[in-house]
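The sequence and structure come first.

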Amino acid sequence: MKSMTGFGRAIAEQDGTRVVAEVRSLNQRFFELKLAVPRGWGEYEAEIRKTVQSVVARGRVEIFIKSVALKPPPVRLEVNDRLANLYVAELRRLGKQLHLNGNPEIGSILNRPEIFHVVEEEHDSGVAFKLGQKALVRALKALEVERVREGRSLHDDFTARVRNIEAAVPKIEKLAEQTRAEIMENFHKRIRDLLEELPVNEKRLYEEASSASQHGDISEEITRLRTHLEGLKTILKRKGQVGKSIEFLLQEINREVNTMGSKSQNAALSQVTVEVKAEAEKMREQVQNVE
């Protein structure tokens, strides 16, 4: 059993590049991936999704990847020779026209950005992505450790609550028997009262018999509850995705307990069913975080 919530972070460095990967998972019924990656990594999104889904099957996963250059990127200087020649030619022409002495110096054109242009070399996103994949895999491992740890706590909590419900079943049976005996005693009393009436009201006699047979009998609900509890214990021993299966059985358990409570005519029995329902409700809350 694994939790759907967790966090993982990892850093990978190589050849002057550092990539930081953070993974956060949240509980959600189906799988959803939210990506925040460096510009130019769009072509790798499918591969990132595949990597994430190899670890996380259900829930909302948020991925944040940042690539940082640890040293200045390589650059090259581009010179516009044609424009430089035009500048020098025009300066010389103006010198002659204005009767100025000397020739144009390099400083005259050195600070012209349209002549001298520094260009950063294009960064190979493939190299950074491979480094990012390493960081992502490590972050997912850290995330998995948290999910497994929290899943273990959830498993222990479920196991304890199942035991509590199992311990309550014999109490329910005993109280149901007592209630059944009381109902039958009341039924016999009603029959005796009806038989004293002459002539006998057969319709009322059948109504009383039908009412006595229906009230207080929760044997079928108890049998189904035991079956569901056994199924739940089996699922708790399984590996992989169990959240949806547990959720289904908890719905069935809740249905049986509600029926028991509605049929109850005994205060003590009603109290026990309330306690069982509280345990089942707590598990239904917790299962929302189980993958």
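This is a predicted model: local features need pLDDT of at least 70, side-chain atom pairs count only at pLDDT 80 or more; totals for chains, interfaces and linings use all residues.

## Packing of H6 and H7

Helix H6 (residues 219-236) and helix H7 (residues 243-263) have axes that come within 10 Å and cross at roughly 160 degrees. Angles over 145 degrees count as roughly antiparallel, and H6 and H7 are therefore roughly antiparallel to each other. The crossing in which H6 passes H7 is left-handed.

On the H6 side, the contact is made by Glu221, Ile222, Arg224, Leu225, His228, Leu229, Gly231, Leu232, Ile235 and Leu236. These meet Ser245, Ile246, Leu249, Leu250, Glu252, Ile253, Glu256, Thr259, Met260 and Lys263 in H7. By residue class, the contact of H6 with H7 divides into eleven nonpolar, four polar and five charged residues.

## Asparagine 254 in H7

Helix H7 also holds asparagine 254. Its relative accessibility is 8%. Buried means under 20%, so asparagine 254 counts as buried.

Which residues is asparagine 254 in contact with, leaving aside its neighbours within four places in sequence? They are Lys277, Glu281 and Arg284.

## The two sides of H1

Helix H1 spans residues 45-53, and Ile48, Thr51 and Val52 are buried in it. Viewed down the axis of H1, the buried residues fall within an arc of 95 degrees, so they line one face of the helix. Ala46 and Lys50, on the other side of H1, are exposed.

Key. Residues are numbered from 1 along each chain as its sequence is written. Side-chain values use heavy atoms; hydrogens and water are left out. Buried means under 20% relative accessible area, exposed over 50%, partly exposed in between (1.4 Å probe, protein chains only). Helices (H or I, at least four residues) and strands (E, at least two) are DSSP runs, numbered from the N terminus. The arc is that of the directions from the helix axis to the C-beta atoms. Axes are lines fitted to C-alpha atoms, for helices over the stretch in contact, and angles run from 0 to 180 degrees between N-to-C directions. Angles under 35 degrees count as roughly parallel, over 145 as roughly antiparallel, 65 to 115 as roughly perpendicular and the rest as oblique. A crossing is left-handed if the near helix is turned anticlockwise from the far one by less than a right angle, and right-handed if clockwise. Contact means heavy atoms within 4.5 Å. Ala, Val, Leu, Ile, Met, Phe, Trp, Tyr, Cys and Pro count as nonpolar, Asp, Glu, Lys and Arg as charged, and the others, Gly among them, as polar.
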